[in-house]
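I am opening my notebook on a structure that is new to me. Come along as I look up how its parts sit against one another.

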Amino acid sequence: MTTTRREQILDTAATLFAERGFHGVSVHDIGSACGISGPALYKHFAGKDDILTQSLIGISQRLLAEGRQRTATAETSEQALAALIDWHIEFALGHPALIVIQEREWANLGADGRREVRALQLAYIDIWVDTVRQLRGDLDAPEARAVVQATFGLINSTPHSARISESSMASRLGRMARAALQA
């Protein structure tokens with residue numbers, strides 16, 4: 001898959017924001033890391049704030065689209081839940097910088113960006129809640145939401161976890177997520 005300049009900028013900025021914090025990174029730093037001048041970033045983004053916002057909107061859109069696709073193609077609720085777990089683990093292990101900036105840089109998003117990201121995240125959570133409730137008739141919607149969000153906390157802790165091989169981590173997280181959702 002070919003990466004566009006825009007995607008390169010977003011990926012590079014996410015890594016830098018995760019390493020140094022939003023305020024510790026300049027447009028010049030991002031441009032330099034991408035091999036372009038800082039001002040050249042303005043061809044793609046309105047500024048550093050826009051880069052952060054578009055990073056979090058883009059990944060939230062991707063999580064939602066993939067969650068919808070995986071549940072739509074599953075034949076059973078069990079398969080749908082397994083597909084959601086596998087997808088979220090794949091995301092968490094593949095994009096730790098985005099998890100870090102989501103949790104640490106939330107306050108640096110403008111109000112419009114926070115609203116958009118939150119709406120996308122809630123729609124993604126709702127896919128999980130609906131799937132869990134199909135399997136867990138004992139949970140009402142708020143309880144299912146709490147279980148799902150706790151499971152996200154488990155999976156999203158991977159950027160801060162002791163590192164083992166990615167395949168071992170994925171397997172362990174999968175078992176733990178299934179156990180948490182069934183508890």
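I start with handedness: a crossing is left-handed if the near helix is turned anticlockwise from the far one by less than a right angle, and right-handed if clockwise. Helices themselves (H or I, at least four residues) are DSSP runs numbered from the N terminus, as are strands (E, at least two).

I note that this is a predicted model, where local features need pLDDT of at least 70 and side-chain atom pairs count only at pLDDT 80 or more, while totals for chains, interfaces and linings use all residues. Residues are numbered from 1 along each chain as its sequence is written, and side-chain values use heavy atoms, with hydrogens and water left out.

**Entry: H3 and H6**

I looked up helix H3 (residues 48-73) against H6, which spans residues 111-135. Their crossing is left-handed. The axes come within 9 Å and cross at roughly 20°; axes are lines fitted to C-alpha atoms, for helices over the stretch in contact, and angles run from 0 to 180 degrees between N-to-C directions. H3 and H6 are therefore roughly parallel (under 35 degrees; over 145 is roughly antiparallel, 65 to 115 roughly perpendicular, and the rest oblique).

I then listed who meets whom, with contact meaning heavy atoms within 4.5 Å. On the H3 side I found Leu56, Ile57 and Leu64 among others, and H6 brings residues including Leu120, Tyr124 and Ile127. By class, this contact has 9 nonpolar, 8 polar and 2 charged residues. For the classes, Ala, Val, Leu, Ile, Met, Phe, Trp, Tyr, Cys and Pro count as nonpolar, Asp, Glu, Lys and Arg as charged, and the others, Gly among them, as polar.

**Entry: H4 and H6**

Next I checked helix H4 (residues 77-94), which packs with H6 at an angle of about 145°, the axes being 9 Å apart. This crossing, too, I logged as left-handed. Among the contact residues are Leu81, Leu84 and Trp87 of H4, with Tyr124, Trp128 and Leu135 of H6. I sorted them into 10 nonpolar, 4 polar and 1 charged.

How many aromatic pairs does the structure hold? I found 5, where rings of Phe, Tyr and Trp (its six-membered ring) pair if their centres lie within 6.5 Å. Tyrosine 124 and tryptophan 128 form one that is edge-to-face, at 6.3 Å centre to centre and 75° between the planes (over 60 degrees is edge-to-face, under 30 stacked, the rest tilted). Both sit in H6, 4 residues apart, about one turn of the helix. Ring pairs join Tyr124 and Trp128 with Phe152 in a cluster.

Are tyrosine 124 and tryptophan 128 buried or exposed? Both are buried, meaning under 20% relative accessible area, with exposed over 50% and partly exposed in between (1.4 Å probe, protein chains only).

**Entry: H1 and H2**

I turned to H1 (residues 5-20) and H2 (residues 27-34), whose axes come within 9 Å and cross at roughly 120°. H1 and H2 are therefore oblique to each other, and their crossing is right-handed. Ile9, Leu16 and Arg20 of H1 are among the residues in contact, as are Asp29 and Ile30 of H2.

**Entry: two single residues**

Arginine 20 is found in H1 and, at 45% relative accessibility, counts as partly exposed. Beyond its neighbours within four places in sequence, arginine 20 is in contact with Val25 and Asp29.

Serine 168 lies in helix H8 (residues 166-182). I logged serine 168 as partly exposed at 36% relative accessibility.
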